[in-house]
Amino acid sequence: MSIIIFSILFVVGFYFFTKNILQVRSNILLGQKKKITDNTSERWKTMLLVALGQKKMFSRPIPALLHLCLYAAFIITQIELVEIFTDGFIGSHRFFLPYLGSFYVFMISFIEVLSVLALIATIIFLARRNLLKLHRLNMKELIGWPKKDANLILIMEIFLVTFIFTMNGADEAIQNLKGASYNFAISSHIANFIFGDFNEHTLHVLEQIGWWGHLLMVFTFLNYLPFSKHFHILLAFPNTYYSNLEKKGKFSNLASVTEEVKKMMDPSIDPFAATNAENEAPLRFGAKDVTDLTWKNLLDSYTCTECGRCTSSCPANQTGKLLSPRKIMMDTRDRLVEVGEGKRKNGKDYTDGKSLLGDYITEEEIWACTSCNACVQECPVNIDPLSIIIDLRRYLVMEESKMPSELTGMLTNIENNGAPWQFSPADRGNWINE
Amino acid sequence: MSSVFKVHTMAEMMANGETPDILFWVGCSGSFDDRAKKITKAVAKILHHCNVKFAVLGAEESCTGDPAKRAGNEFTFQMQAMMNIQVLDAYEIKKIVTACPHCFNTLKNEYPELGGKYEVIHHTQLIQDLINQGKLALEGSQIYKGKKITFHDPCYLGRANDIYEAPRVLIEKLDAELIEMKRCKTNGLCCGAGGAQMFKEAEKGNKEINVERTEDAIETNASIIATGCPFCNTMMTDGVKNFNKEQDIQVLDVAELIANAADL
Ligand code: HEM
Ligand code: SF4
Ligand code: SF4
């Protein structure tokens, strides 16, 4: 019976997970093409250091250490999960125990110690958000769902750990009734303390509650991920693999513009000659909506942990401007979900008349950016909010000629005088003789 | 003060049948801004003193297009880039030094794809080389000995191009005390000028970015704020004025510090 229930749970859980992942994938592929296939060894190295090695987290040691507890516990618990799945499918109990012997005890003990650390870290994370009210975790873009999402994840984490200890503790108590013990590091101590007064039947029930509860939490998490900032636990890996490996100062040169400029500069090119299909001008210059951004920008948006390290280091945000690079990423993701849903319901040519620029991100926000790259530097999962900001500016300037009036003047000066100020090009060398 | 010397333009060099070892890209700020011109002259003096055969483009130089690109006008940027590349290629330029991190970044990173491939270095890197080669000696210079100097990292030199050491090495050569601000190197706070902000009013907020940054500098108790960018120089100078500290704190480019120390 339990094997059947388990199997149904397993199939249903993974079915919906796969479905969600495919939906996210198709949303991301709504972005513009961009080839990122170079330098595979450098890319693996970046992924190992930044995602697996948590390298950039440690610029802020306290949250980095707390996170490391959760992260390590999660990774190592996957071993136990393999056993849970095995037990579920064949109806065994602690399938690996007879094969691994004392190593098994060591492994479960290790998981237990990390789980306690994770529990402590989770409680501190909750306190940082809700009691200490850290500014970074309580800014206005987090009001509403993002805040609930963050707390929900942490509460689910507490449930998960509680189930693990209920399972192991009750199991230990059963052993104790027989005068034996697994000698698991934590549960062998809490067994008598918490479960000492129960009879064997109750203990079996408790052990089962722990086992099924743990399993249920795993499937809940799995299916919750694609709708949450917690998605980062998976996407951090591909996202860092596809990191920008160039110097941060290098902005992309729009190939469509290069074509146009070459035509203007070289009179021998026939301006009406058909361009080959590959270089066909895109719908528009720059980005107005998420579908104008590259797929990597969109992957970035799903990967964002909403940690706000970018925003807290942003010079514009620190001086009270509306701009928040975290909000840029959250808006991009929220708009992408909306666009994707619309297209799935109403066909792939569907548009709802809304756009990222205007309905989500305002002009005031993007004009506050100094392109300082602090946000890019800070992001622990190598997200690049700046490239989105610049693409939005490109759309505004090149398609709508909308920009602060001083910038219109600056651009006119460059075009007419070759300098952003109104000086004569002939005077450029004057300093030599002054 | 050493002798007066003549800075040659590429056109003049070409007419004399000479080729320079390096082109000094002066940039718009270095050409037209009265404060930045002093930095330009300091760089020229150092190059001359070290017998580096250099030339400038003079009237043939034009904006690299950096502010246009950061403002979102890719057309204006690429027009500027193509025109500049035509000029640079016509003179067969191989190596460029510039005192402006924005020109540096654009020439070095964004021109190659458009056909302009040159070796581009920042003036602090070149000066470091000159010292390492023994062409520039600062030993015995007293004027900055023991002085507290803090260095403000220009975003386009630091985070954008990972150059943090060259300017610091130079400051240490002055026998001065280099004091870091609480936010420095990868963590450095922008001066507020980048991304075309230099040319517009800041958006609505509760503080100017240069004021926030100047506070960091004042906290160090340094008597000199060193920079490596003419725009940072303007922003920090304004920041210091905002606190009425012009008497106590100087804002100087690293090139100026070196030129002064070498008594050029
Ligand atoms: C694979 C297992 C992982 C788990 C179980 C996990 C779990 C968590 C949890 C529960 C939070 C929320 C903390 C809070 O509420 O403040 C969080 C935040 C975060 N995670 Fe992860 N994570 C994992 C992997 C990763 C990876 C690979 C990275 C990449 C570096 C990463 C980066 C982050 C960041 C930057 C935050 C925000 C922390 C902050 O406030 O500074 N995580 N993670
Ligand atoms: S690049 Fe723009 S958004 Fe990012 S930190 Fe700097 S000013 Fe803020
Ligand atoms: S973009 Fe990066 S730094 Fe900013 S909130 Fe998202 S994960 Fe954090």
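Student: Which conventions should I know before I start?

Tutor: Residues are numbered from 1 along each chain as its sequence is written, and chains are lettered from A and ligands numbered from 1 in the order in which they are written. The model is predicted, so local features need pLDDT of at least 70 and side-chain atom pairs count only at pLDDT 80 or more, while totals for chains, interfaces and linings use all residues; side-chain values use heavy atoms, with hydrogens and water left out.

Student: How many helices and strands does chain A have?

Tutor: Helices (H or I, at least four residues) and strands (E, at least two) are DSSP runs, numbered from the N terminus. Chain A has 19 helices and 0 strands. Along the principal axes, its C-alpha atoms fill a box of roughly 95 × 50 × 40 Å.

Student: What share of the residues of chain A count as buried?

Tutor: Buried means under 20% relative accessible area, exposed over 50%, and partly exposed in between (1.4 Å probe, protein chains only). By that rule, 51% of the 434 residues of chain A are buried. One buried case is L407(A), with a relative accessible area of 0%, in helix α19 (residues 405-417) of chain A. The C-alpha atoms of L407(A) and G101(A) are separated by 72 Å, and the two residues are 306 apart along the chain.

Student: Let's turn to the ligands. Which residues are the closest to ligand 3?

Tutor: A residue is near a molecule or strand if one of its heavy atoms lies within 4 Å of it. For ligand 3 there are 13 surrounding residues, the closest being C304(A), C307(A), G308(A), C310(A) and C379(A). Helices α12 (309-312) and α14 (325-346) of chain A each supply at least two residues of this shell. C379(A) itself lies in the loop between α17 and α18 of chain A and is buried, at a relative accessible area of 9%. Its C-alpha atom is 22 Å from that of R25(A), 354 residues away along the chain.

Student: Which residues come nearest to ligand 2?

Tutor: Ligand 2 has 13 residues around it, and C314(A), C369(A), T370(A), C372(A) and C375(A) come nearest. The elements giving two or more residues to that shell are α17 (374-378) and α18 (385-400) of chain A.

Student: What are the shells of the two ligands made of by class?

Tutor: Ala, Val, Leu, Ile, Met, Phe, Trp, Tyr, Cys and Pro count as nonpolar, Asp, Glu, Lys and Arg as charged, and the others, Gly among them, as polar. Around ligand 3 there are 8 nonpolar, 2 polar and 3 charged residues. Around ligand 2 there are 10 nonpolar, 3 polar and no charged residues.

Student: Now the aromatic rings. How many aromatic pairs does a search of the whole structure find?

Tutor: Rings of Phe, Tyr and Trp (its six-membered ring) pair if their centres lie within 6.5 Å; planes under 30 degrees apart count as stacked, over 60 as edge-to-face and the rest as tilted. The search finds 35 aromatic pairs over all chains. Y15(A) and F16(A) are edge-to-face because their planes are at 80°, with ring centres 5.1 Å apart. Y182(A) and F184(A) are stacked, because their planes are at 15°, with centres 4.9 Å apart. Of these residues, F16(A) is partly exposed at 41% relative accessibility, whereas Y182(A) is buried at 10% and F184(A) is buried at 0%.

Student: Which residues form one aromatic cluster?

Tutor: F6(A), F10(A), F14(A), F17(A), F85(A), F89(A), W211(A), W212(A) and F219(A) do. Take F10(A), in helix α1 (residues 2-28) of chain A: this residue is partly exposed, at 21% relative accessibility. F10(A) and G88(A) are 78 residues apart in sequence and 9.2 Å apart in space, C-alpha to C-alpha.

Student: Where does the charged end of R94(A) sit?

Tutor: A charge sits over a ring if NZ of Lys or CZ of Arg is within 6 Å of the ring centre and within 35 degrees of the ring normal. The charged end of R94(A) sits over the ring of Y182(A), 5.2 Å from its centre. Another case involves both chains: R70(B) has its charged end over the ring of F251(A), 4.0 Å from the ring centre.
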